[in-house]
Amino acid sequence: MRPFPRLHLITDTRPGRDPLAVVAAALAVAGAGLAVQVRVEDEATDRDAYDLATRVRAFCAEAGATCLVNDRLHIALAVGADGGHVGALDLPVEAARRVLGPRAILGATAREPASAKAAVDAGATYLGVGPAYATTTKDGLPPPIGIEGVAAVAGAAGVPVIAIAGVTAERIPDLRAAGAHGVAVIGALSGAPDPVEATRKLWDALR
Ligand SMILES: Cc1ncc(COP(=O)(O)OP(=O)(O)O)c(N)n1
Ligand SMILES: Cc1ncsc1CCOP(=O)(O)O
Ligand SMILES: [Mg+2]
């Protein structure tokens, strides 16, 4: 079994972004060590999500990388992804586990130890933990939990913790010291002038 990826790239499908170009750049650097989470805007059609997931899944398969799908687990199944990610407004973790089956990777969002433990008991195999820091990529989030919040969840989780929100290469040493297994990013790669170079920086900080 391949080790659980430390670098998770979440696709950025906001207008004017080129998610596949960023995925290709990140895979060129991190290869099989990368997880790509296909995430589309809430308004996106299932057909658009399916088309993007199909292409990301093919890129990942070629590189030996992990492919996950956010929220829309039927699309994860339809494209043969490795798993999915759910949060508070999505299917409950135990239902997501039933949908994906016993062997799939299943991520759940958590921001404190009690919900983290409940998610793991319900079948989550990793936790997306945050917002670690402030982010401009997603609206409506609660206040950042900071390094202390990440450490509290990591200490209680018993599964890999992937810190999310506002993650930069410079912040990775603190997050790792707090017990995070890895990080998930959107802006650090999608907003970078050179996504290959930006991936290299994140990747070096994670090794
Ligand atoms: C790795 C990771 N962690 C957290 C999230 C957020 O999921 P969720 O809370 O369901 O919010 P949306 O991404 O669906 O808007 C994530 N996607 N990935
Ligand atoms: C999907 C999501 N959920 C919590 S923060 C976030 C986006 C994080 O994006 P960035 O890495 O640009 O801060
Ligand atoms: Mg969600």
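Predicted model: local features only at pLDDT ≥ 70, side-chain atom pairs only at ≥ 80, totals over all residues.
Q: At what angle do helix 5 and helix 6 pack, and how far apart are their axes?

A: Axes are lines fitted to C-alpha atoms, for helices over the stretch in contact, and angles run from 0 to 180 degrees between N-to-C directions. Helix 5 (residues 113–121) and helix 6 (residues 146–157) pack at about 35 degrees, with axes 9 Å apart.

Q: Is the crossing of helix 5 and helix 6 left-handed or right-handed?

A: Look at the near helix. A crossing is left-handed if the near helix is turned anticlockwise from the far one by less than a right angle, and right-handed if clockwise. Helix 5 passes helix 6 in a right-handed crossing.

Q: Which residues of helix 4 are buried?

A: Count neighbours. A residue is buried if 20 or more other C-beta atoms lie within 10 Å of its own, exposed if 12 or fewer, and partly exposed in between; C-beta atoms are placed from the backbone. In helix 4 (residues 93–100), Val 93, Ala 96, Arg 97 and Leu 100 are buried.

Q: Why do the buried residues of helix 4 line one face?

A: An α-helix has 3.6 residues a turn, so residues three or four places apart point the same way. Seen down the axis of helix 4, the buried residues fall within an arc of 100 degrees, so they line one face. That arc is taken from the directions from the helix axis to the C-beta atoms. They pack against helix 3 (73–79), strand 4 (83–86), strand 5 (105–110) and helix 5. Just after helix 4, Gly 101 takes a positive phi of about 90 degrees.

Q: Which residues does UniProt list for "binding site"?

A: Read such records with care. UniProt positions are given in the numbering used here, feature names are shortened, and annotations may be inferred rather than shown by experiment. The unreviewed entry lists Gln 37, Val 38, Arg 39, Val 40, Glu 41, Asn 70, Thr 109 and Lys 138.

Q: Is Glu 41 buried or exposed?

A: Glu 41 is exposed, with 11 other C-beta atoms within 10 Å. Its place is the loop between strand 2 (34–38) and helix 2 (46–63). Leaving aside neighbours within four places in sequence, Glu 41 is in contact with Thr 13 and Arg 14.

Q: Is Thr 109 buried or exposed?

A: Thr 109 is buried, with 22 other C-beta atoms within 10 Å. Thr 109 sits in strand 5. Leaving aside neighbours within four places in sequence, its contacts are Gly 87, Ala 88 and Gly 128.

Q: What is the phi of Asp 71, and where is that residue found?

A: Asp 71 has a positive phi of about 70 degrees although it is not a glycine. Asp 71 is in the loop between strand 3 (66–70) and helix 3. Asp 71 is buried, with 20 other C-beta atoms within 10 Å.

Q: What is the phi of Ala 165?

A: Phi of Ala 165 is near 95 degrees, a positive value in a residue other than glycine. The residue lies in the loop between strand 7 (161–164) and helix 7 (172–177). Ala 165 is buried, with 23 other C-beta atoms within 10 Å.

Q: Which residues does Leu 141 touch?

A: Not counting residues up to four places away in sequence, Leu 141 touches Pro 131, Thr 135 and Ala 165. The peptide bond from Gly 130 to Pro 131 is cis, with omega near 5 degrees.

Key: Residues numbered from 1 in each chain as written. Chains lettered and ligands numbered in written order. Helix = DSSP H or I, 4+ residues; strand = E, 2+ residues; numbered from the N terminus. Contact = placed C-beta atoms within 7 Å.
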